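Please consult the sequence and the structure alongside the text.

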Amino acid sequence: MVEPVPETISFPSQEEKILQLWNEKDCFLECLKQSKNRPKYTFYDGPPFATGLPHYGHILAGTIKDIVTRFAHQSGFHVDRRFGWDCHGLPVEYEIDKTLGIKGPEDVAKMGIAEYNKQCRNIVMRYSNEWETSVKRMGRWIDFNNDYKTLYPWFMETVWWVFRQLYDKGLVYRGVKVMPFSTACNTPLSNFESHQNYKDVQDPSVIVNFPLVDNEDVALIAWTTTPWTLPSNLALCVNPDFLFPGKTLKGKKYKPLFQYFAKVCAFQVVMDNYVKEEEGTGVVHQAPYFGADDYRVCTEYNIIQRDQAPICPVDASGCFTSEVTDFAGQYVKDADKNIIKWLKEKGRLVNASTFKHSYPFCWRSDTPLIYKAVPSWFVRVEHMVDKLLDNNGKCYWVPEFVREKRFGNWLRDARDWAISRNRYWGTPIPLWVSDDFEEVVCVGSMAELEELTGVKVTDLHRESIDNLTIPSRCGKGVLRRVTEVFDCWFESGSMPYAQVHYPFENRKEFEDTFPADFIAEGIDQTRGCAWFPTCTFVHACLCVCINDCLSYSCSDGQKMSKRKKNYPDPGLIVKNYGADALRLYLINSPVVRAENLRFKEEGVRDVLKDVFLPWYNAYRFLVQNVQRLQKEDDIQFLYNENTEKQSDNIMDKWIQSFTQSLIQFFKAEMAAYRLYTVVPRLVKFVDMLTNWYVRTNRRRLKGESGTEDCMWALETLFSVLFSMCRLMAPFTPFITEMMYQNLRHLIDPASVEEKDSSSIHYLMLPHVRETLIDKRIESAVSQMQSVIELGRVIRDRKTLPVKYPLKEVVVIHQDPEALKDIQSLQKYILEELNVRQLTLSTDKDKYGIHLRAEPDHMVLGKRLKGAFKAITASIKELNNEQLEAFQKTGSIVVDGHELLEEDLRLMYTFDQSSGSAAQYEAHSDAQVLMLLDVTPDQSMVDEGVAREVINRIQKLRKKAHLVPSDEITVYYRCQPEGEYLDSVIKAHNDFILATTKAPLLPFPVPKATSVIIEEKTQLKGSDLELTIVKGSSAPRVPLNGPACTYVNLRVKVNNKEQELTNKTDLQSLSGKTLSVTSASSSPGPVPTNDALLCPYVNLVLWEVGTLLLVNPIGQNGLDHSGLLSEAAKVFGLRSRRLKLYLDQDLTQGKMER
């Protein structure tokens, strides 16, 4: 049975209950079981590190993946969802180094790799429980029990297999590369990693002289902000295109600054176009092992050879080695001042100062990076750029610009990939080499390693395999494993294969579902050595590509950083507002269009206020009235889409059409992964449902227009809410489950297609019922909404609350069909705007209205400058015809200048001679012009005050937590008595009663009554006291004869005796007998007895009415149930439980309904 819905709700608390429900029923596992025989939908989930807690980037990524995979399930697919963990690499090692005070490789050597890796293993899953709790609390359905970790030996084995494929294709080589280097972490970083943490810093700026060998009186001067690289200087570079020094200096020899490497055949001028005029002196000093351009240029000029021993006198900790005798052991950045001092003493310093610029820092240690040559293992990429671009072209990207621009541009400039790291905690590179590196064996599996070494291994980390040797086949003794491990991005890039231990297991399952249907990747991960690019490289090397990729951004100007804590705690946001609100906020933000996210807590709060609470109230209102229907009319509401009758109410047809159009749009856009277009439409739909459909149909839903019409409205509202729950389920899994768990008791089991429908997430998406889509009705209601919104603007502008009725609204539209649409919805316009009359017209001239234009001073003033004043005068002279043409075309030429829509503001004004200016206030949008009669009318003002009284009574009711079926009486007192407010209440007592459905009586409050609530308030200059008491206290009025004015009608045919016109005073005919005939009949005899011809009863509630017991004489008699039903209609109380008594003392003959 459907349960009552409380007035207030804590969404976070309800979400916790839903989590408990999912756990008890094991809903995710059950979901997978139900779909196991469906077509497979594959997605790849890039693994996060568990060394820190999840932030909004992780939450956003998880939410996108959860929405898309839930949608895929709802669309009829089976979707395996496994969580993965990135366990190796610098993030883990840095934590250990910081904890244990490890400064460099020597410290690791002292403690041993086995112990070091043991420490890493101990913390790698430090926050795994928090991650699992956070992911589940966000509503994401993913399998943690069947997870994968990059430290699992079977995962590492597949990484070896992937590398072996690349090696066998000749794509692996050893070389030297100048790379960003973290001296704090003793390791090179990828270019991508080096771009994560730029800072503005003050560095030393020096200009140094380099005398020419053939003429020491002439010296070249070069500028640098890294004095520590000067001891490694081997050349100077100029631009050949510069007028001076240009080509004339090529090959000139100069005197070295230092003698450390003076024997090298170097110290000459070379040329390259990378030298710019904008910075420095036009001469750039070259330290080839500390700068990528330096290395390239010096290699081209044979200053250095690719295969020679590097001239790189800086160790992994950033300290000078023994070759640099004057500064040996000094950290390079600290040595800058000593080097500058040395230069000054030797007469080589021209100028020394400081220079502010942006410089890269290590994203982990927050220490300055240096650029340094490192021996590394590479995967060839540059030769396959065309293939990479071709594969990228086969991927469907959302947003599309990422494919061609950001990611495409990066691919076009792709460089060979340095995949090795000189670290410890990672997957070891499976290369065994001779001492001279001429004999190399690449191992592709644990079985092969056992076969080659004779040792069976169960783990592949360094401590388990570094001591294993392979006999040389070339007489070079034994081969030993190279010391490097894989960059952790190479491991995660191998994830599609390694997560299922391919090709060693699950071969058929993998090949049947490879490649992925879907990947979601952050915009910051679409360049450089990040997860998606590494996947792209690996797959391209192995001849495959990925199908669909959705890119998103997660940046607030600075990268959201766990270290910097530059974001509000996600746990507190969820605790305060709920996961659904956070999910919808993130998905509806620019971030899903790959734009930047600026997280604002108030945005999450607005989701609750503007979306969830109105949606919840519509759901609550539905349940309230379903329960009322059952209680009062004994009608059990059960929804069956297959048997529901089509309503003829235009608003029912509209919301059904709007819903089906939404379903159609939703399916198309979700299939195209355009989440950013779907959510705004879903949010708009909540507004349409709550602020338009429910608002304009409250009386129908409460049964005030008859049981049949009430059923139509309830079926419509249920259908729409049920469809909405299924559509929103992937986005807001909690609130939809909460509503569904109650609503499902109102669904006819015969109409449910699914075998198990105990969760909203087991249900498929609703089918599009195209027969319900009526674009004409949707357009008509849209026109109505425009009119109502324009009217509300006018009321706000004139400070006229909707409670106060107005005489007339005039709607002017050039399209007669649009006016017909508006006419068909006249009832709703009059009700919503509280206006007595709607007038439609196509002629604005009739009301003395014309257009005038004003320039946009900011836009035009900036553009036209000196000509603006003259143009302004001409704009104000534009006539109505010219401006109407401008409205249509969006362009007009004034004094030789073309003006567009953004340049002008159009306004409607009245001809003062027309008289309309004082009577009407105008407002318009692009199509509709509205005039609202704002002239004061005392009777309407009085009614407005009466509505204010109603509003105070209803608010007091709500404050007391009363429901409509509670029988109450309201007592009031106005002080001073006899003043305006008191007279309005007395004159409008019936009007107030008709709305509140409670007797309104003057003070005093009888002593025997039970007071529920009382309040004293101010209204229209008077004190208004209101007291609500239990029970109905209707006045007892003795009656003789019918209580109501009546006439008797005798119907005759074919003749006419008397004609009633619109001007006939019907009240004057009270008690008379009238003969109703047609033109062809003669009148029959009219009795002289003018008593009421039919039996009747007088009904007393808070007012008195008369009810005929038969009509006409002797026919259509009422039974007991009919009498009760008609009594409810007389007083508009279909939603109330009635008791009828035969006496005024309420003691005789009780009948109930």
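Buried means under 20% relative accessible area, exposed means over 50%, and partly exposed lies in between (1.4 Å probe, protein chains only). The model is predicted: local features need pLDDT of at least 70, side-chain atom pairs count only at pLDDT 80 or more, and totals for chains, interfaces and linings use all residues. Residues are numbered from 1 along each chain as its sequence is written, and side-chain values use heavy atoms, with hydrogens and water left out.

A salt bridge is a side-chain nitrogen of Lys or Arg within 4 Å of a carboxyl oxygen of Asp or Glu. The whole structure contains 46 salt bridges.

| Pair | N to O distance | Separation in the chain |
|---|---|---|
| Lys255 and Glu216 | 4.0 Å | 39 residues |
| Arg421 and Asp487 | 3.4 Å | 66 residues |
| Arg973 and Glu1025 | 3.1 Å | 52 residues |

Lys255 is partly exposed at 33% relative accessible area, and Glu216 is exposed at 52%. Both Arg421 and Asp487 are buried. Arg973 is partly exposed at 28%, whereas Glu1025 is buried at 16%.

Helix 24 (residues 675-696) packs with helix 28 (residues 775-797) at about 95 degrees, the axes being 13 Å apart; helices are DSSP runs of H or I with at least four residues, numbered from the N terminus. The axes are lines fitted to C-alpha atoms over the stretch in contact, and angles run from 0 to 180 degrees between N-to-C directions. The two helices are therefore roughly perpendicular, a term covering 65 to 115 degrees.

Technical notes. Angles under 35 degrees count as roughly parallel, over 145 as roughly antiparallel, 65 to 115 as roughly perpendicular and the rest as oblique.
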